[in-house]
Amino acid sequence: MTAAVLTGLGTALPARLVTNEELSTRLDTTDEWIRTRTGIGQRFWSSGESTGDLAAAAGERALAAARVSEVDMVVLATTTPDHPCPATAPEVASRLGLGHAAAFDIAAVCSGFVYALAIASAAISAGLTGRALVIGAETYSTILDPEDRSTSVIFGDGAGAVVLEPGEAGAPGSFAGFDLGSDGAGRELIQVPGGGSRERTGADGAEGRYFTMRGKAVFKEAVTRMAGSASKLLASVGWAKDSVDLLVGHQANTRILHALADHLGVPRESVVVDLDRVGNTSAASIPLALARAAAEHRLRPGDRVLLSAFGGGLTWGSTALVWPELPIGTH
Ligand code: COA
């Protein structure tokens, strides 16, 4: 059977570094609170770069890493598109010189990258497409309430992209399976209330244009949903928990990542932490974390890698792969 195989990875971050100390000068917070409650040490915020700009930069690096100049499909996971309409992916495809590739956005908030991987993999397995470029890119700094200390300290901007190519099921880099889920009853836990058809606002200064989050409730949901999804995935692909070398969870909070490892029964040492460097970059967090782990030689060819994400919607998803020999194009 044809399977999607990962052949290249690239990332991009905006130039502006925002430290905890900088945020502490204008918000009622401290570096100590942010580090101990979240694990975040710094983040990067756009100073003009759009989501599409970051997506194109990461996409270009992933294509170069995979030595590929043509793809048939571009899937962009984002909650912060360049415009409400049209999708950002077609412009990114055009900027990357990808001709008339099918291109569309996916809105699954912080689970978006795993959702996008699943869709592109299924399209490759079904023969609907050849090569695909899957991107997670965000500029949350554009939707954060600058006065809200509970969200401003958490989110960062960035992008990560992978090239998927048709290959053999079971080969290194092929995805062993996917588990995806949602629960819309929890939609108000993570929300931008305005700007859609329910509340047609969104102009500068309008109520409801900022991102809101009920942190405590989200924390619990994140742990139980990712643990449930990852366990289901491991059972369906036949991987024992103690065979997982690296756990790359959505980078929301180090305490969430450790609780996830404890629930799953995998050692905390297998957890990849990247939020100390970039904060929570939503759909970009998993590819950025993979690139960091590979750059630091924590992720080596042959390693068994478990990916698990959770986000607004509520949504969640998990997948697993044996890490391939992979060139990486980083920022
Ligand atoms: N600096 C200082 N104090 C802060 C703060 C900040 N940046 N943000 C919140 N606080 C305060 C709160 O106002 C509250 O004060 P109070 O006790 O006087 O009311 C106190 O800290 C505790 O707030 P709480 O929300 O209960 O803290 P917490 O331990 O749950 O940590 C989060 C808050 C947001 C870090 C945590 O809930 C979390 O990580 N949630 C999940 C986030 C997430 O996963 N998001 C993405 C999902 S895709």
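The model is predicted, so local features need pLDDT of at least 70 and side-chain atom pairs count only at pLDDT 80 or more, while totals for chains, interfaces and linings use all residues. Residues are numbered from 1 along each chain as its sequence is written, and side-chain values use heavy atoms, with hydrogens and water left out.

**Largest pocket**

- The largest pocket has a volume of about 1,300 Å³; a pocket is an open set of points on a 1 Å grid over the protein atoms alone, with protein on both sides within 12 Å along at least five of seven lines.
- Its lining holds 35 residues, and T79, V192, G194, G195 and G196 are the closest to the centre; a lining residue has an atom within 4 Å of a point.
- By class, this lining has 13 nonpolar, 14 polar and eight charged residues (Ala, Val, Leu, Ile, Met, Phe, Trp, Tyr, Cys and Pro are nonpolar, Asp, Glu, Lys and Arg charged, and the others, Gly among them, polar).

**Second largest pocket**

- The second largest pocket has a volume of about 630 Å³.
- Of its 30 lining residues, I154, M213, G215, K216 and N253 lie nearest the centre.
- Helix α7 gives the largest share of this lining, seven residues.
- Domain 1 (2-168) and domain 2 (175-329) both give residues to the lining of the second largest pocket, so it lies between them; the bounds come from an automatic or database domain assignment.

**Cavity**

- There is one cavity of 30 Å³ or more, meaning a set of grid points where a 1.4 Å probe fits but cannot get out.
- The lining of the largest cavity is made up of L6, F113, L117, V162, F175, L290, L307, L321 and W323, and the residues divide into nine nonpolar, no polar and no charged.

**Helix α7**

- Helix α7 (residues 215-237) has 23 residues and reaches 32 Å from first C-alpha to last, close to the 33 Å expected, which is 1.5 Å times one less than its number of residues; helices are DSSP runs (H or I, at least four residues) and strands are too (E, at least two).
- Among the buried residues of α7 are V218, A222, M226 and L233, where buried means under 20% relative accessible area with a 1.4 Å probe, protein chains only.
- The partners of the buried α7 residues include α8 (254-264), β12 (304-311) and β13 (315-322), with contact meaning heavy atoms within 4.5 Å.
- Just after α7, G238 takes a positive phi of about 75°.

Technical notes: Grid points are joined across faces, edges and corners, and a volume is the space filled by probe spheres set on the points. Buried means under 20% relative accessible area, exposed over 50%, partly exposed in between (1.4 Å probe, protein chains only).
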